[in-house]
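Visitor: Could you take me through this protein by way of questions, beginning with the fold and then turning to individual side chains?

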Amino acid sequence: MLHTGFILSLGICTLASCVSQKNNATDGQDSLRIELAEGQQELLKEYPMLIKFTGIVEDNRCPKGVNCIWAGVAVARIEITEKTANTISLNLATTEMEKRGYQKSATSNGYTFLLHDVSPYPTAEQRAPSLKGTYKITITIHRNKTTSPD
């Protein structure tokens with residue numbers, strides 16, 4: 001009986017912790033995760049913007065099945081057009097490496113854009129040049145809190 005009570009208490013504490021973490025993850029967060037195919041654009045209902053994945057500007061990731069000294073990086077270019085602003089281009093990389101100018105996220109006009117994934121991943125048989133036109137990216141768009149009133 002003592003074991004049952006202990007397990008029940010542990011379960012309740014675990015559930016309470018999960019609910020608390022979920023609330024913390026969503027409290028004050030205003031973000032959206034989307035996937036775009038190369039050349040695809042999407043008008044976002046959640047935010048007043050049009051976002052387009054124009055293509056991969058660099059993909060030197062080490063192909064699967066090949067031993068490389070460096071894992072490499074893929075860099076995706078996106079264009080963002082807001083109602084009241086000009087179109088801006090951002091390059092987002094699969095790795096953060098400030099010395100080489102690679103960044104996984106970029107901030108513009110009160111939004112942060114974060115690159116999560118670039119697929120497909122190159123293989124020994126299918127290298128990056130042959131993947132052109134087949135790329136997909138997954139990004140998160142986060143509306144930053146502003147200190148000034150709208």
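Guide: What follows is a set of questions and answers on a predicted model.

Visitor: In which order do the elements of the protein run from the N terminus on?
Guide: This predicted model holds one helix and eight strands. The helix α1 covers residues 2-26, and read from the N terminus on, the order of the elements is α-β-β-β-β-β-β-β-β.

Visitor: What share of the 150 residues is buried, and what share of the accessible surface belongs to carbon and sulfur atoms?
Guide: Of the 150 residues in the protein, buried ones make up 29%. The accessible surface comes to about 10100 Å², and the part of that surface belonging to carbon and sulfur atoms is 53%.

Visitor: How do strands β2 and β3 pair, and which residue of β3 is the bridge partner of Glu42?
Guide: Strand β2, residues 41-44, and strand β3, residues 49-59, pair in the antiparallel sense over four bridges. The two strands form a hairpin, with four residues between them. Within this pairing, the bridge partner of Glu42 in β3 is Ile51.

Visitor: Where is Glu38, and which side chain of opposite charge is nearest to Glu38?
Guide: Glu38 has its place in the loop between β1 and β2, and beyond its neighbours within four places in sequence its contacts include Phe53, Ile56, Leu131 and Tyr135. Although Glu38 is buried, it has no salt bridge; a salt bridge calls for a nitrogen-to-oxygen distance within 4 Å. The nearest side chain of opposite charge is 4.3 Å away and belongs to Lys132.

Visitor: Which backbone nitrogen does the side chain of Glu38 reach?
Guide: Lys132, Gly133 and Thr134 are among the residues in contact with Glu38. At a distance of 2.7 Å, the side chain of Glu38 reaches the backbone nitrogen of Gly133.

Visitor: Is Asp59 buried or exposed, and which side chains make polar contacts with Asp59?
Guide: Asp59 lies in strand β3, and because its relative accessible area is 15%, under the 20% limit, Asp59 is buried. Its side chain meets that of Arg61 in a salt bridge of 2.8 Å, N to O, and Arg61 counts as buried at 7% relative accessibility. A further polar contact, of 2.6 Å, joins the side chain of Asp59 to that of Tyr135, so that the answer is buried, with polar contacts to Arg61 and Tyr135.

Key
Residues numbered from 1 in each chain as written. Predicted model: local features only at pLDDT ≥ 70, side-chain atom pairs only at ≥ 80, totals over all residues. Heavy atoms only, no water. Buried < 20%, exposed > 50% of the residue type's maximum accessible area, 1.4 Å probe, protein only. Areas by Shrake-Rupley, 256 points an atom, 1.4 Å probe, with all protein chains shown as cover. Pairing = 2+ DSSP bridges. Lys, Arg positive; Asp, Glu negative; His and termini not counted. Polar contact = N/O pair within 3.5 Å; in protein donor to acceptor, adjacent residues only side chain to side chain. Contact = heavy atoms within 4.5 Å.
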